[in-house]
Amino acid sequence: MTTAIPTGRVARNYNPLPIIAEHANGVWITDTDGRRHLDMLSAYSAMNFGHGHPALVAAAQDQLQRMTLVSRAFDHNLLELFAERLTELVGAEMMIPMNTGAEAVETAIKVARKWAYEVKGVPRDRAEIIVAAGNFHGRTTTIVGFSDDPGAHDGFGPYAPGFILVPYGDADAIERALSDNTAAVLLEPIQGEAGVIIPPDDYLPRVRALCTERNTLFVADEVQSGLGRTGATLAVDRVGVTPDLVVLGKALGGGIVPVSAVVGSREVLGVLRPGQHGSTFGGNPLACAVGLAVVDLLADGHFQRRAERLGSVLAEHLAPLRGHGVDQVRVVGLWAGVDVDPALATGREICERLAERGVLAKDTHGSTIRLSPPLVIEESELTWAVGELATVLTELRTG
Ligand SMILES: *Cc1c(COP(=O)(O)O)cnc(C)c1O
């Protein structure tokens, strides 16, 4: 057993809950004292299939023995296959592999700008990208430049120009912001970090129609919402919308290695030519082996249906908490944002109390708690976890 005593040598860019994880299996994380905790975060959806999923671990172990990295300077046997299977799964024509979500978002931004100059005819260096308030697209200097979260944004300027921020969920605002220089509208179909914010049903279809009308790309960042979480393969599938580019990450790496990708049409991704974009590790054999196994898990729709079914169980259990310490609940698939009455406690306090009771969840933006358990969770485990949340709320309300 290794006990980690904080030595102050890790930069304090996170404020983790006071447990020290040592091993994990399925939905359970065991700490260094041997206590088990139910993982209700799934590493922000990177762990959609649970810790140590046998098919994913086997795929990784098998590939570890064969070959892990050749760089894109040489082709390898799994990249075309991964591209074929992934694009089939999400109904796209082409893909470009990257590693982290932020890198894939950066890739989509570069592709959209290049498309704007070469295909749409936007004057050089004038391309604009419309983004939404409350967005979270990663942590690079370009991306945090258009974040309106002071914690993510402030202190990292100067910021890259070319981004226009409009309110989320308001298609009229996008219509007003569109210009002849708009390369793309970049949105999360459901905003994850903002607290599982679900836009009005007609929002994404209207954005799609506006983008088509104005010859502008619709780019959906599905790094957190994609790959089963919402009860569909992609969150945009729920409203029958096909974006020009979809950004994938997190669950694509099965919680084993970072794997991200941008998928889309040949017309758009085809603008990239050799030497114009790349990544040393992007599309490496180990990543492709794990990514292929992830696509296999999603291919028959089992996990999507499970997320949908357990999501209604989650919604059913959360609904009665409204008015009893909870102001608002938003649920889509196996993904919930729970706004706790700020007068009662901060989200952080709730999460600390939950951790003491063996439930690991993460607060976001003050008083919101995000619930996103692995999709392999059993109904009884889900019921138990929400019961623990109810108990914590009752404790706080009755002092
Ligand atoms: C997590 C996330 C990212 C960034 O992914 P990283 O792998 O942490 O770089 C981008 N977009 C969305 C919607 C995310 O949730």
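This is a predicted model: local features need pLDDT of at least 70, side-chain atom pairs count only at pLDDT 80 or more; totals for chains, interfaces and linings use all residues.
The protein chain contains 13 helices and 15 strands. Along the principal axes, the C-alpha atoms fill a box of roughly 65 × 55 × 45 Å. Of the 399 residues, 54% are buried. When contacts between residues at least 6 apart in sequence are considered, 73% of them join residues at least 24 apart.

The accessible surface of the protein chain amounts to about 17500 Å². Carbon and sulfur atoms account for 52% of that surface. The charged side chains comprise 34 positive and 48 negative ones. The centres of these two sets lie 3 Å apart.

Two domains are assigned to the protein chain. Domain 1 is made up of two segments, residues 21-47 and 302-398, whereas domain 2 covers residues 54-298. Over C-alpha atoms, the centres of domain 1 and domain 2 are separated by 27 Å. Contacts between the domains involve 26 residues of domain 1 and 25 residues of domain 2.

Some details of the backbone may be noted next. The peptide bond that leads from Gly 157 to Pro 158 is cis, and its omega is near 0°. Pro 158 is placed in the loop that runs between helix 6 (150-153) and strand 6 (163-166). Val 196 is not a glycine, yet its phi is positive, at about 55°. This residue, Val 196, belongs to the loop between strand 7 (182-187) and helix 8 (203-213). Val 196 has a relative accessibility of 0% and therefore counts as buried. A positive phi, of about 45°, is also found at His 365, again a residue that is not a glycine. His 365 is located in the loop connecting strand 14 (362-364) with strand 15 (368-371).

Asp 170 is situated in the loop between strand 6 and helix 7 (171-177). Because its relative accessibility is 26%, Asp 170 counts as partly exposed, a class that lies between the limits of 20% and 50%. With residues up to four places away in sequence left out, Asp 170 touches Arg 176 and Tyr 203. Asp 170 and Pro 199 are 29 residues apart in sequence, and the distance between their C-alpha atoms is 8.3 Å.

Ser 71 occupies the loop between helix 2 (54-66) and helix 3 (79-90). Its relative accessibility is 26%, so Ser 71 counts as partly exposed.

Definitions and conventions. Residues are numbered from 1 along each chain as its sequence is written. Side-chain values use heavy atoms; hydrogens and water are left out. Helices (H or I, at least four residues) and strands (E, at least two) are DSSP runs, numbered from the N terminus. Buried means under 20% relative accessible area, exposed over 50%, partly exposed in between (1.4 Å probe, protein chains only). Contact means heavy atoms within 4.5 Å. Accessible areas come from the Shrake-Rupley method with a 1.4 Å probe; for residues, only the protein chains shown count as cover. Lys and Arg count as positive and Asp and Glu as negative; His and the chain ends are not counted. The place of a charge is taken as NZ of Lys, CZ of Arg, CG of Asp or CD of Glu. Domain bounds come from an automatic or database domain assignment.
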